[in-house]
Amino acid sequence: MTGPSGARITAGLADIPAQVDVLVAGLGVTGAGVALDAAARGLSVLAVDAHDVAFGTSRWSSKLVHGGLRYLASGQLGIAYESAVERGILLQRTAPHLVRPMPMLVPLTSNVSTPQAMLTAAGIGIADLLRTAARTSAYVLPRPRRIPAQHALRWVPALRHAGLRGALLYWDGQLEDDARLVICLARTAAAHGAVVRTRVRVTAATGTGATLRDELTGTTVAVTARAVINATGVWASQLASEIRLRPSRGTHLVLRGETLPGLAAAFTVPVPGSVSRWIFALPQSDGTIFVGLTDEPAEGDVPDVPEPADAEIDFLLNVVSASLEHPLRRDDVAGAFAGLRPLLDAEGHTADLSRKHAVRTSANGVVTVVGGKLTTYRRMAEDAVDATGIASAPSPTADLALLGAAPAGELARIDAPARLVRRFGTEAPLVLATARAASGLPDRELLSPGPRGVTLAELIFGVTHEGAIGADDLLDRRTRLGLVPADRDEALELANRALRIAGC
Ligand SMILES: Cc1cc2nc3c(=O)[nH]c(=O)nc-3n(C[C@H](O)[C@H](O)[C@H](O)COP(=O)(O)OP(=O)(O)OC[C@H]3O[C@@H](n4cnc5c(N)ncnc54)[C@H](O)[C@@H]3O)c2cc1C
């Protein structure tokens with residue numbers, strides 16, 4: 001094990017091993033999870049991404065680590081249970097610094113019929129049984145209950161008062177940020193000896209090796225491996241042509257906190273005409289609010305960065321506004337983002353396709369792991385490494401704390417700024433010490449809050465330890481300022497300053 005300060009992500013092909021046990025293509029949550037699983041079992045690992053860590057779908061999620069309530073509506077009890085187990089592992093053992101309990105409200109407005117309310121309450125009740133079965137403590141995720149209208153308005157003051165009969169209150173898991181989880185996984189893999197590289201594309205692969213191209217220099221090399229794992233999400237069929245995907249686009253809006261003042265819980269609003277589809281409004285730790293999400297078939301070539309459609313933005317505004325005292329307007333939208341779900345092809349609308357993951361071994365020996373969801377990345381990684389047949393040890397990752405992880409009580413005692421502890425856990429002092437050493441600047445400057453609280457200290461650490469080589473990496477993945485174009489513009493100079501200080 002390298003240890004936290006030596007755990008670095010870097011860019012390009014320089015000094016990569018010519019031979020490894022496992023080569024991983026893709027550094028989304030799945031590939032980063034696979035790299036950690038294989039490295040933690042003692043295998044030598046090279047894990048690469050054509051762009052950057054968390055470049056693909058993994059940064060466009062709703063940032064929920066959820067217990068699978070939505071799968072219960074479609075009778076997928078097994079997937080819901082697996083989600084509940086993985087949620088408990090992340091919240092209680094492996095990443096309590098990045099995953100936190102979040103109160104979720106289902107307001108019983110005039111748009112929610114009594115049968116719909118009863119059905120939802122039953123689903124929430126079953127989800128709570130799964131929480132118990134998954135051994136997640138009720139101290140961590142409190143039991144659900146029905147609350148009166150006045151209490152609901154304390155959690156969500158913006159709700160329409162007229163016709164509000166109360167609300168169902170339950171708890172689920174929320175990430176500090178999805179890209180931050182992926183970066184933390186990739187660095188934890190590096191701490192266990194994995195070589196983790198960005199800007200390296202797998203251009204061809206078999207079960208015994210791959211050709212890699214350095215996207216910065218154009219250099220190509222061949223690497224031999226005992227197993228090759230394809231974790232390239234919606235791009236998976238480019239390396240395994242027999243994999244058929246039917247991507248579906250999910251769009252979120254980003255609102256400023258002041259648009260729904262006093263929002264202290266997430267809340268859900270039913271999509272008219274559907275019993276199982278809901279739109280969420282999700283408060284984020286940086287003060288923004290996400291409203292999502294849609295589920296639209298995405299035909300044609302897979303773009304690098306999907307774009308939300310205008311009609312989706314109007315749809316989300318209309319559905320949420322139906323439950324609010326003051327409807328949202330188009331100019332309340334500070335930003336919008338879309339992601340593509342890597343769903344396996346099957347009959348039916350994309351909203352009904354199974355969210356179960358699949359591990360398939362191609363005729364040429366490449367193992368592809370695809371589908372599933374962010375919450376279950378660990379299980380996906382374990383199944384993929386098992387499928388290679390080369391690991392002699394069982395996966396230890398259910399008990400393997402990620403870098404920075406510690407129980408809430410311990411995190412509260414760390415002598416470092418709250419923002420850094422929220423994003424780096426026990427590594428917060430390392431982040432600050434690294435920035436001090438690289439810049440020679442006083443803490444006043446390193447910690448002065450920029451747009452949405454971002455600090456120069458964390459941007460410098462993004463370059464020194466997390467593999468950022470340009471402003472896009474810092475603004476769109478190491479932080480998420482890019483979700484609001486105005487914040488991105490404002491923070492650009494700070495990002496460039498971090499790059500200059502760290503010698504990029
Ligand atoms: C809108 C939306 C909301 C969601 N919300 C949630 C949620 O709240 N909770 C949840 O649990 N799940 C959620 N999901 C599901 C979850 O986000 C995805 O299942 C998961 O992120 C997929 O991760 P991945 O690593 O498989 O793919 P990706 O994150 O797409 O990673 C694939 C990576 O492979 C790289 N790559 C591609 N080709 C190559 C190549 N040839 N060589 C090297 N690298 C390559 C790409 O650059 C990319 O970084 C959501 C999905 C969507 C679309």
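Reply: Arg135 is exposed, with a relative accessible area of 74%; exposed stands for over 50%, buried for under 20% and partly exposed for the range in between, with a 1.4 Å probe and protein chains only. This is a predicted model, in which local features need pLDDT of at least 70 and side-chain atom pairs count only at pLDDT 80 or more, while totals for chains, interfaces and linings use all residues. Residues are numbered from 1 along each chain as its sequence is written, and side-chain values use heavy atoms, with hydrogens and water left out.

Arg135 sits in the loop between helix H4 (114-133) and strand S6 (145-147), where helices (H or I, at least four residues) and strands (E, at least two) are DSSP runs numbered from the N terminus. Although Arg135 is not a glycine, its phi is positive, about 60°. Most residues other than glycine have a negative phi, and most peptide bonds are trans. Arg199, likewise not a glycine, has a positive phi of about 55° and is found in the loop between strand S8 (195-198) and strand S9 (200-206), but Arg199 is buried, at a relative accessible area of 15%.

The peptide bond between Gly292 and Leu293 is cis, with omega about 0°, and Leu293 belongs to the loop between S15 and strand S16 (296-297). Strand S15 (residues 289-292) is covered on both faces, with Ile289 and Val291 buried on one side and Phe290 and Gly292 buried on the other. S15 pairs with strand S12 (residues 248-255) in the antiparallel sense over four bridges, two strands being paired if DSSP finds at least two bridges between them; Phe290 in S15 is the bridge partner of Val254. Strand S14 (residues 278-283) also runs antiparallel to S15 and is joined to S15 by four bridges, with Gly292 as the partner of Phe280. S14 and S15 make a hairpin with five residues between them, and Gly287 in the turn has a positive phi of about 95°.

A positive phi also follows helix H11, at Gly440, where the angle is near 70°. The buried residues of H11 are Ala428, Val431, Leu432, Thr434 and Ala435. They cover an arc of only 160° around the axis, which puts them on the same side of H11, the arc being that of the directions from the helix axis to the C-beta atoms. They pack against helix H10 (418-424), helix H12 (443-446) and helix H13 (456-464), contact meaning heavy atoms within 4.5 Å.

As for charged pairs, the structure holds 41 salt bridges, each a side-chain nitrogen of Lys or Arg within 4 Å of a carboxyl oxygen of Asp or Glu. One of them joins Asp177 to Arg480, with the closest N and O atoms 3.0 Å apart. Asp177 lies in the loop between strand S7 (167-175) and helix H6 (178-191) and Arg480 in the loop between helix H14 (471-478) and helix H15 (485-501), so the pair ties together parts that are 303 residues apart in sequence. Asp177 counts as buried at 3% relative accessibility, and Arg480 counts as buried at 8%. Arg379 and Asp383, by contrast, lie four residues apart in helix H8 (residues 377-388), about one turn of the helix, and their side chains meet in a salt bridge at 3.2 Å, N to O.
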